Amino acid sequence: MNEFTRPDILRYTAFSADPEGGNPAGVVLDAAGLDASAMLAVAAELGYSESAFLTGRTEAAPGARGYAIRYFSPKAEVPFCGHATVATALAIAERDGPGDLEFTTAAGPVPVTVVRAGAELRATLTSVEPHVTDIAPDDLTEALAALDWPATDLDPALPPRIAYAGARHLVLAAATRERLAALDYDFTRLEALMHRLELTTLHLVWRASDTVFHVRDPFPVGGVVEDPATGAAAAAFGAYLRALSLVPDTAGLTLHQGEDMGRPGTLTITLRAGDARVRVSGTGTRISG
């Protein structure tokens, strides 16, 4: 990709109003002229966990603006990315004003609503239909070995499961905040397991209260050690909590992520009775440069 074909690349962070917090993403609002290899090259050059590319306008629900979107990590395309969706929605809102959007992703349609809250813009995405499945005992053993986590360090109240809300995530709950903070895993070993199980991240959680969690997301399959704030995993985790009856059918939950990386961010999960989809909300801001 040479300078004559280089697209206009915006940089936003999602799930924090501080450019030094949350999860940064590249955003290309006009990627119609880019093929997959060019998008991958942009994502690899930026080095963020994911970047988002709008490839054209699409039909959408009445009153919404529709866009086709693709997501790339530095190593591969991914079917859905929550923080890059939020970042893109905020970029569109700053250009065209807040309102309702609908993104056509490889995982399915993802509605997003952007509202202005004081000086900030806030985006809420609605996931595709989620589902939760068991993990085979041997695969769990391998995941714990790659993390160097003894099984006794798991919280038995939140059993391991694979959860999906646009991408697959293995949910593992630490019994203590100290266990969650001490993340030092075998990158190659975990990456191999994740490829075999088609996982996007491991969603490592510690329950601080009934509605507040601290979370971390190793992301070796994307070419980065850890994702600082993970909207897709947050949506999957909301589905996990509801499927296991760990929270009410209608609930509001708060996830704190990125603190152990020096990039703190906050994700809000909303569950609604009668609607299997999960809503994930957060603010964000443009990163200069």
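Guide: Let us start with aspartate 148, which is exposed, its relative accessible area being 57%. The model is predicted, and every value quoted here is computed from it.

Visitor: Where is aspartate 148 placed?

Guide: Aspartate 148 sits in the loop between H3 and strand S10 (161–164).

Visitor: What is the phi of aspartate 148?

Guide: The general idea is that most residues other than glycine have a negative phi. Aspartate 148 is not a glycine, yet its phi is positive, near 60°. Phenylalanine 15 is also a residue other than glycine with a positive phi, about 75°.

Visitor: Is phenylalanine 15 buried or exposed?

Guide: Phenylalanine 15 is buried, because its relative accessible area is 2% and buried means under 20%. Its place is the loop between strand S1 (10–14) and strand S2 (23–28).

Visitor: How should I read the packing of helices?

Guide: Two packed helices are described by the angle between their axes and the distance between the axes. In this model, helix H3 (residues 137–147) and helix H5 (residues 187–197) pack at about 150°, with axes 9 Å apart. That angle makes H3 roughly antiparallel to H5, since the cut-off for this class is over 145 degrees. The crossing of H3 past H5 is left-handed.

Visitor: Which residues of H3 and H5 meet?

Guide: From H3 come Asp139, Glu142, Ala143, Ala145, Ala146 and Leu147; from H5 come Arg189, Leu190, Leu193, Arg196 and Leu197. By class, the residues of this contact between H3 and H5 are seven nonpolar, four charged and no polar.

Visitor: What does glutamate 142 touch?

Guide: Leaving aside residues up to four places away in sequence, glutamate 142 touches Arg189 and Leu193. Glutamate 142 belongs to helix H3 and counts as partly exposed at 23% relative accessibility. The C-alpha atoms of glutamate 142 and leucine 190 are 8.1 Å apart, although 48 residues separate the two along the chain.

Visitor: How many aromatic pairs does the structure hold?

Guide: The structure holds six aromatic pairs. One of them joins tyrosine 71 and phenylalanine 80 in an edge-to-face arrangement, with 5.9 Å from centre to centre and 85° between the planes. Tyrosine 71 is buried at a relative accessible area of 1%, and phenylalanine 80 is buried at 2% relative accessibility.

Visitor: Why is the pair of phenylalanine 237 and tyrosine 240 stacked?

Guide: The ring planes of phenylalanine 237 and tyrosine 240 stand at 15°, with centres 5.6 Å apart, so the pair is stacked. Phenylalanine 237 and tyrosine 240 are three residues apart in helix H6 (residues 231–243), so about one helical turn separates them. Phenylalanine 237 and tyrosine 240 are both buried. Ring pairs also link Phe213, Phe237 and Tyr240 into a cluster.

Visitor: Where is tyrosine 67 placed, and what does it touch?

Guide: Tyrosine 67 lies in strand S4 (residues 65–72) and counts as buried at 4% relative accessibility. Beyond residues up to four places away in sequence, the residues that tyrosine 67 touches include Leu54, Ile92, Leu101 and Phe103, and among them are also Arg57, Arg95, Asp96 and Glu102. Tyrosine 67 and leucine 183, by contrast, are 37 Å apart in space, C-alpha to C-alpha, and 116 residues apart in sequence.

Definitions and conventions
Residues numbered from 1 in each chain as written. Predicted model: local features only at pLDDT ≥ 70, side-chain atom pairs only at ≥ 80, totals over all residues. Heavy atoms only, no water. Axes fitted to C-alpha atoms, helices over the stretch in contact; angles between N-to-C directions. Helix = DSSP H or I, 4+ residues; strand = E, 2+ residues; numbered from the N terminus. Parallel < 35°, antiparallel > 145°, perpendicular 65-115°, else oblique. Left-handed = near helix turned anticlockwise from the far one by under 90°. Contact = heavy atoms within 4.5 Å. Nonpolar A, V, L, I, M, F, W, Y, C, P; charged D, E, K, R; others polar. Phe/Tyr/Trp six-rings, centres within 6.5 Å; stacked < 30°, edge-to-face > 60°. Buried < 20%, exposed > 50% of the residue type's maximum accessible area, 1.4 Å probe, protein only.
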